[in-house]
Amino acid sequence: MTRDEGLDQLRQLARARALGCHVGSDRLIRAGLDALLADVDSPSLALLAGLGRREEHEAQELFDHVVDELGLGFEAPSDPTAAKWALAYWLAAQIVDGSLDPATGADLIWAEAAMELDYPDRLQPIVECAIQLGDWDAGWSTPLEQLKEEVIVAARACGL
């Protein structure tokens, strides 16, 4: 992992947390370790990366310190509706750019944004894909990869 990739991983986790996604302490500690090994440096990073299982409860606060020290913060919109739309846009962009698996992304958009927004028309194609992917079985005539491609098309088409 390069330094830029380590910073990007921390930035993505900071954004996810700011947008209301649960990010487990184990993921924060792992990202801290990855970043430290990639030559990212901040006063709290080594502390975060070195946390053991019994110290996981400290990870959230230490991660916040790391984000502040590295200037990686992201401020979510204060309006809850706008924040859910921001989450949907961000997840869809990751689906389109290939950094998020389409099935995982569609499910997250469905559960974390569309439900909270009362299933708006713009997100309906992604929700329908998420339902199909959740029910998919190897015996179906539609290949899994085709359904994933439909998620990518839906993410592009709905203006996200």
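This is a predicted model: local features need pLDDT of at least 70, side-chain atom pairs count only at pLDDT 80 or more; totals for chains, interfaces and linings use all residues.

Me: OK, helix 1. How many residues has it, and what span is expected?

Reply: Helix 1 has 16 residues, and its first and last C-alpha atoms are 23 Å apart, close to the expected 22 Å. Helices here are DSSP runs of H or I with at least four residues, numbered from the N terminus. The expected span is 1.5 Å times one less than the number of residues.

Me: Which residues of helix 1 are buried?

Reply: G6, L7, L10, L13, A14 and A16. Buried means under 20% relative accessible area, exposed means over 50%, and partly exposed lies in between, with a 1.4 Å probe and protein chains only.

Me: And what covers them?

Reply: The cover includes helix 2, helix 4 and helix 5. Contact means heavy atoms within 4.5 Å. Just after helix 1, G20 has a positive phi of about 95°.

Me: What about the span of helix 2?

Reply: Helix 2 covers residues 25–37, and its 13 residues should span 18 Å. The end C-alpha atoms are 18 Å apart, which agrees. Its buried residues are S25, L28, I29, A31, G32, D34 and A35. Among the elements covering them are helix 1 (3–18), helix 3 (45–49) and helix 4 (59–70).

Me: What follows helix 2?

Reply: D39, with a positive phi near 70°.

Me: Switching to charges. How many salt bridges are there?

Reply: Five. A salt bridge here is a side-chain nitrogen of Lys or Arg within 4 Å of a carboxyl oxygen of Asp or Glu. One of them joins D8 and R11, with the closest N and O atoms 3.6 Å apart. D8 and R11 are three residues apart in helix 1, so about one helical turn separates them.

Me: Why would that spacing put two side chains on one side?

Reply: An α-helix has 3.6 residues a turn, so residues three or four places apart point the same way. As for accessibility, D8 is partly exposed at 34%, and R11 is partly exposed at 36%.

Me: Which salt bridge does R17 form?

Reply: R17 pairs with D64, the closest N and O atoms being 2.7 Å apart. That pair links distant parts of the chain, with R17 in helix 1 and D64 in helix 4, 47 residues apart. R17 is partly exposed at 23% relative accessible area, and D64 is partly exposed at 36%.

Me: And D101, what does it pair with?

Reply: K148, with the closest N and O atoms 3.0 Å apart. D101 is in the loop between helix 5 and helix 6 (102–114), and K148 is in helix 8 (residues 144–157), 47 residues away.

Me: Is K148 buried or exposed?

Reply: K148 counts as buried, at 16% relative accessibility. D101 is partly exposed, at 31%.

Me: Last topic, rings. How many aromatic pairs does the search find?

Reply: One in the whole structure. The rings are W85 and Y89, with centres 5.9 Å apart and planes at 35°, so the pair is tilted. Rings of Phe, Tyr and Trp (its six-membered ring) pair if their centres lie within 6.5 Å; planes under 30 degrees apart count as stacked, over 60 as edge-to-face and the rest as tilted.

Me: Where do W85 and Y89 sit?

Reply: Both are in helix 5 (residues 80–97), four residues apart, or about one helical turn. W85 is buried at 17%, whereas Y89 is partly exposed at 33%.

Definitions and conventions:
Residues are numbered from 1 along each chain as its sequence is written. Side-chain values use heavy atoms; hydrogens and water are left out. Helices (H or I, at least four residues) and strands (E, at least two) are DSSP runs, numbered from the N terminus.
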